[in-house]
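Colleague: I would like to learn how to read the features of a model like this one. Please take them one at a time, with the general idea before the case.

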Amino acid sequence: IIFSQRRFCYCQQNGKSESRASTSGHPPACAAAPPQLTCASFYKFVKLSNLPELRDEFRTACAQLGIMGNILLGTEGINSQIAGSEDAIHSFITTVLRAHPEFQDIVPKLSLASRPPFYRMKVVIKKEIVKLGIPTTTYSKTGVHVPPAEWNQLIADPNVILIDTRNEEEVAIGTFKNAINPRTTTFTQFPQYVHQNLSECKDKKIAMFCTGGVRCEKASSWMLDEGFKEVFQLDGGILRYFEQVPAKHSSWVGECFVFDTRHAVAHGESGVELGHVSRCYACRAMLFPADRLSPDFREGVSCPHCCKSLTPERARALQERQRQIELAGQRGEGPHLGTHRPASLPAARGSLPSVGSQAKHGRSDAIPSPGCRMDNMGRIALFVIFNLMIAIIP
């Protein structure tokens with residue numbers, strides 16, 4: 001893990017994690033200044049049996065540390081995207097996650113965010129940590145993990161079939177040069193694509209990639225079960241490629257979709273940087289910078305994709321919502337309407353709580369935000385009422 005202030009990284013060598021200073025000529029992904037929130041994504045396919053205990057432990061630890069995001073647990077492993085202060089993420093990874101032997105070799109992908117990427121924390125148990133919809137033997141065999149430093153050489157081979165395993169909405173924002181877009185809307189459609197388009201290619205080299213690596217890992221395991229001989233996957237996914245490959249040598253075109261409020265990240269000089277693609281609140285369409293310059297774009301209200309279908313009533317409701325957001329920003333109140341204010345982050349309070357300190361005093365819930373104008377129940381009620389108003393307006 002690379003941490004911006006320490007400029008140290010926890011890396012894997014010979015199956016062990018060690019701490020060392022970053023000596024690469026390419027700045028680490030989190031070396032950009034000044035950091036506010038650290039985003040960490042990680043996964044591991046491993047047989048788990050104590051799911052309720054893990055869920056409760058991770059939920060309590062994240063609440064105490066002020067961490068927000070998602071952790072999915074299943075009998076097949078763990079899949080997570082979380083964000084918090086640098087110290088909070090460091091504490092969770094080193095003292096909570098790696099306290100379990102099955103997670104000691106996890107090396108998260110790190111990036112920065114100037115605004116909270118998540119506004120709540122969910123730790124849930126799922127049948128699959130990434131849904132493919134069919135059984136796999138992911139624990140025992142997967143495709144060849146190709147380090148980011150060797151990826152460009154592999155995909156430059158004309159005999160390699162390069163496949164983007166992500167959804168079409170993600171591919172539209174950016175992908176690797178010459179990558180095939182399967183044009184799927186969900187990952188569960190990927191097996192159908194393979195059956196229809198790659199059934200005659202089982203003896204050829206197949207290279208796959210996704211955002212963080214978890215979809216490729218599951219897809220490669222299934223493809224090996226289906227008889228494909230040579231399957232390769234980008235180790236750590238696109239995010240680790242951005243971290244470790246200098247931007248001047250990048251084979252990536254565009255930006256990379258991420259499943260949080262940043263919407264997209266870019267491959268920049270400092271590694272993973274905030275992208276320029278955003279999302280329309282009214283219709284949820286992805287917006288490129290040119291879309292935001294259109295006269296049909298109104299922040300929080302409409303965009304070129306939905307302006308002509310927007311009813312006057314809904315436009316007024318969205319305008320009022322946007323006005324309240326701007327007023328809240330002027331008052332310095334942070335996220336407004338339907339979001340949990342991230343004032344409970346350790347960095348915002350100026351101190352880092354220990355994982356056991358809150359439980360020792362009988363408090364295992366989320367740390368309350370000092371100076372909040374209303375409690376969490378009040379915010380939830382306001383959010384529900386507002387969305388019901390929008391839903392019933394024709």
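Modeller: Start with Lys127, which is exposed, with a relative accessible area of 79%. Exposed means over 50% relative accessible area, buried means under 20%, and partly exposed is in between, using a 1.4 Å probe and protein chains only. This is a predicted model, in which local features need pLDDT of at least 70 and side-chain atom pairs count only at pLDDT 80 or more, while totals for chains, interfaces and linings use all residues. Residues are numbered from 1 along each chain as its sequence is written, and side-chain values use heavy atoms, with hydrogens and water left out.

Colleague: Where does Lys127 lie?

Modeller: Helices (H or I, at least four residues) and strands (E, at least two) are DSSP runs, numbered from the N terminus. Lys127 sits in the loop between β8 (121-125) and β9 (144-146).

Colleague: Which residues gather with Lys127 in a patch of positive charge?

Modeller: A patch takes residues with over 30% relative accessible area and no salt bridge; like charges are joined within 9 Å, and nonpolar side chains (Val, Leu, Ile, Met, Phe, Trp, Tyr) within 5 Å. Lys and Arg count as positive and Asp and Glu as negative, with His and the chain ends not counted. The place of a charge is NZ of Lys, CZ of Arg, CG of Asp or CD of Glu. Here the surface patch of positive charge consists of Arg120, Lys122, Lys126, Lys127 and Lys131.

Colleague: How many salt bridges does the structure hold?

Modeller: A salt bridge is a side-chain nitrogen of Lys or Arg within 4 Å of a carboxyl oxygen of Asp or Glu. The structure holds 14 salt bridges. One of them pairs Lys141 with Asp225, with the closest N and O atoms 3.0 Å apart. Lys141 lies in the loop between β8 and β9 and Asp225 in helix α6 (residues 214-225), so this pair ties together parts that are 84 residues apart in sequence. Lys141 is partly exposed at 35% relative accessibility, and Asp225 is also partly exposed, at 35%.

Colleague: What do Lys229 and Asp203 form?

Modeller: Their side chains meet in a salt bridge at 3.8 Å, N to O. Lys229 belongs to the loop between α6 and β13 (230-234) and Asp203 to the loop between α5 (190-197) and β12 (205-209), so the pair ties together parts that are 26 residues apart in sequence. Lys229 is exposed at 56% relative accessibility, and Asp203 is exposed at 61%.

Colleague: Are Asp260 and Arg262 buried or exposed?

Modeller: Asp260 is buried, with a relative accessible area of 12%, and Arg262 is buried at 11%. The two form a salt bridge, the closest N and O atoms being 2.9 Å apart. Salt bridges can also be linked in a network, as with Glu76, Glu128 and Lys218.

Colleague: How many residues of helix α2 are buried?

Modeller: An α-helix has 3.6 residues a turn, so residues three or four places apart point the same way. Helix α2 (residues 86-96) is mostly covered, with 8 of its 11 residues buried. Among them are Ile89, Phe92, Ile93 and Val96. Thr94 is found in helix α2 too, and at 26% relative accessibility Thr94 counts as partly exposed.

Colleague: Which residues have a positive phi?

Modeller: The backbone angle phi is worth checking in residues other than glycine. Among the cases here, phi of Arg183 is near 60°, and His263 has a phi of about 70°. Arg183 is found in the loop between β11 (174-176) and α5 and is exposed, with a relative accessible area of 57%. His263 is in the loop between β15 (256-257) and β16 (264-268) and counts as buried at 17% relative accessibility.

Colleague: What does His305 touch?

Modeller: Contact means heavy atoms within 4.5 Å. Not counting residues up to four places away in sequence, His305 touches Cys283, Ala285, Met286, Leu287 and Asp291. His305 is in the loop between α8 (289-292) and α9 (312-330). The C-alpha atoms of His305 and Cys283 are separated by 7.7 Å, the residues being 22 apart along the chain.

Colleague: How many helices and strands does the protein chain have?

Modeller: The protein chain has 12 helices and 19 strands, and buried residues make up 49% of its 394 residues.

Definitions and conventions. Accessible areas come from the Shrake-Rupley method with a 1.4 Å probe; for residues, only the protein chains shown count as cover.
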